[in-house]
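Grab a pencil and work through these exercises with the model open beside you. Try each task before you read its solution.

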Amino acid sequence: MIPKIRTGAGGTYSLIRYLFGPGKRDEHTDQHLVASWNDYAPDPGRNPHHTIAQLAGQLDQSVKALGDRAPATTIWHCSVRADPGDRHLDDADWAAVARRIVRAVGIAPEGDTTACRWVAVRHAQDHIHIAATLVRQDGRRAGLEFDKRKAQAEARRIEKDYGLRQLNPGDGTAAKAPTSQERFKAERHGRAETPRETLREAVRQAVAGAATEDEFFTRLGEKGLRIKLTRGSSGDVLGYAVALPGDRNGSNEPVWFAGSTLASDLSLPRIQRRLDSATPAKTGPPETGAAEPEWSLPARERRTATGIAERAAIVLDSDEDEAAAQLVGVGELLDALAQTSPAATRAELGAAARVFERATRSHIRAEHADTRAIRAAARGIIQAGGALGRGEDGGATAMLLSTLVLVALAVVRWHSARGHAQQAAASHQAAEHLRSAYRQAATAPLRTLRAQGRALPEPERRRQEATIRAALSDITTHAGIGTKTDALAATLAQAEQAGHDTRALLQKAIDMRELDTAEDVNDVLVWRLRRLAQLPAHPGDTARHPKADTGRTKPADNRTGVRTAPPAPTRPAAPDPHIRPPHR
């Protein structure tokens, strides 16, 4: 059940006329009162002798009595809508709902006979409108502090008492929802969503990984948006607004949306703080003991982002408030992927980015967190351009998505521990979309790996399976551990061929972070191993992957603190005769 509150000035006649009228698209039917301040207010919908003017006149009586002393805001309007899946509520139910709402917010406290005048109008099966004046009958002004918060809290109690779908309580940090007028206008113009929603997503994508303010505005222009900058006397940009081409108001002027009206964290000051405190920096070479293979640029950036996402998950698992900064970075990473992914996964990734947007905001601030690495990962993915849905690009996408599913679930736990119900639910939805995208991206590389695992000579396969059983012996009760380890066995065989100690490498992959939330532990370990061992994400890829160097590592890179290895021999490793190449 969703209450939505608006306020206005003047008399109530126009509002009452709309509520009892046919609606903008003749959607109003059987318009009538279900409750009022005195239970016998005029009902123009059911009594032909009652008029809209009579009802509005009685509602406005206390306001008019004050004359020039009346407050500037005189009208309180609250629509209360049931969820589409809720059971039918009759007039008596809706009357009780209306009385509970006006009592909770202070329009008509229990037992107060001189409270504000109000009526509840029903003109559809699934909602009512409460119209009230904000001057009490004793001439005092109504006290409506935190009325929106109180109405939401009462709605949660009503849902529980009436057995309705229980929505998650909010904390006031959600982006502003489109108004009904914006939705009607979008429908008239054949738009799938309102301009507000389209612009919010476009601005969010433009800021993902951006290094400077100029780059941010350039990206907005490249998306085809109209941009209006507000400058101070010094010439500095103080704010911005965006509009969709062709979206105009009744005066044929562009409909502008300031960044702050799209979402609180999209205001220019908030974006500037994000850019100033987290300027993307190079992430340095891979944290392995091998020279970097010659992957394609999109594949390399996705592999780099996988390691950074793993570290973000570890920060979130620490359950510190400073992890809040990682949420914004993860959101930017999802936005970057949604813009550059192939068609097969683009829809699910776009949906994941949109719902995760709610998880990036709360009242917790991380003032000293370093988000340079994760913002650099988002930037790298965008600059690398579109990835192919096949070969190493597709495999690297699957590798990253496997990690992002676990990151999203870490975000669920982080928000749940702080009572952020809406953000936790949004993170869970994002995880489901990411799982769907992962399944699409991982199908081809895993199919090849499983075939390669089954093709291993029996002694080799038994040896690798023994290694797997020994390493997973402590977590064999995990529901996500399957009995088929073909892909994992093939990966270990290839890592061994590249010169790695497979027992140590597998244990390192297991110890990286928890596996309790993994849907399939074997899959997660396959991708971790292939990244750590610098194996191709797609086993049919022809990129060079040199043998691991077991010698002394170099000193830490002064940009990143990551220790790097001496260059590996440039001669490609000989192919393992026990691994069947993919069918071509």
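**Exercise 1: the second largest cavity**

The second largest cavity is lined by T306, E310, M399, S402, T403, M512, V524, W527, R528 and R531. Keep in mind that you're looking at a predicted model. Task: find which elements give two or more residues to this lining, and sort the lining by class.

Solution. 
- Step 1: look for the top contributor. That's α20, whose four residues make up the largest share of the lining.

**Exercise 2: the largest cavity**

Task: how many cavities of 30 Å³ or more turn up in the whole structure, and what lines the largest cavity?

Solution. 
- Step 1: count. The search gives three cavities of that volume, and the largest has about 140 Å³.
- Step 2: go to the lining. It has 14 residues, and R204, D265, R274, D335 and T360 lie nearest the centre.
- Step 3: find the elements. α7 (195–207) and α12 (324–340) each give two or more residues to the lining of the largest cavity, with α12 giving the most, four residues.
- Step 4: sort by class. Here you get seven charged, five nonpolar and two polar residues.

**Exercise 3: one leucine**

Task: is L19 buried or exposed, and which residues does it touch?

Solution. 
- Step 1: L19 sits in helix α1 (residues 13–20).
- Step 2: check the area. Buried means under 20% relative accessible area; L19 has 0%, so it's buried.
- Step 3: list the contacts. Leaving out residues up to four places away in sequence, L19 touches H28, Q31, H77, V121, H123, H129 and A131.
- Step 4: compare sequence with space. L19 and H32 are 13 residues apart in sequence, and their C-alpha atoms are 9.0 Å apart.

**Exercise 4: one side of a helix**

Task: why do the buried residues of α2 lie on the same side?

Solution. 
- Step 1: pick them out. In helix α2 (residues 52–59), the buried residues are L55, A56 and L59.
- Step 2: look down the axis. These residues cover an arc of only 95 degrees, so they're on the same side of α2.
- Step 3: recall the general rule. An α-helix has 3.6 residues a turn, so residues three or four places apart point the same way.
- Step 4: see what covers them. The cover includes α1, β2 (32–36), α3 (61–66), β4 (118–122) and β5 (127–133).

Terms used:
Residues are numbered from 1 along each chain as its sequence is written. This is a predicted model: local features need pLDDT of at least 70, side-chain atom pairs count only at pLDDT 80 or more; totals for chains, interfaces and linings use all residues. Side-chain values use heavy atoms; hydrogens and water are left out. On a 1 Å grid over the protein atoms alone, a cavity is a set of points where a 1.4 Å probe fits but cannot get out, and a pocket is an open set with protein on both sides within 12 Å along at least five of seven lines; lining residues have an atom within 4 Å of a point. Grid points are joined across faces, edges and corners, and a volume is the space filled by probe spheres set on the points. Ala, Val, Leu, Ile, Met, Phe, Trp, Tyr, Cys and Pro count as nonpolar, Asp, Glu, Lys and Arg as charged, and the others, Gly among them, as polar. Buried means under 20% relative accessible area, exposed over 50%, partly exposed in between (1.4 Å probe, protein chains only). Contact means heavy atoms within 4.5 Å. The arc is that of the directions from the helix axis to the C-beta atoms.
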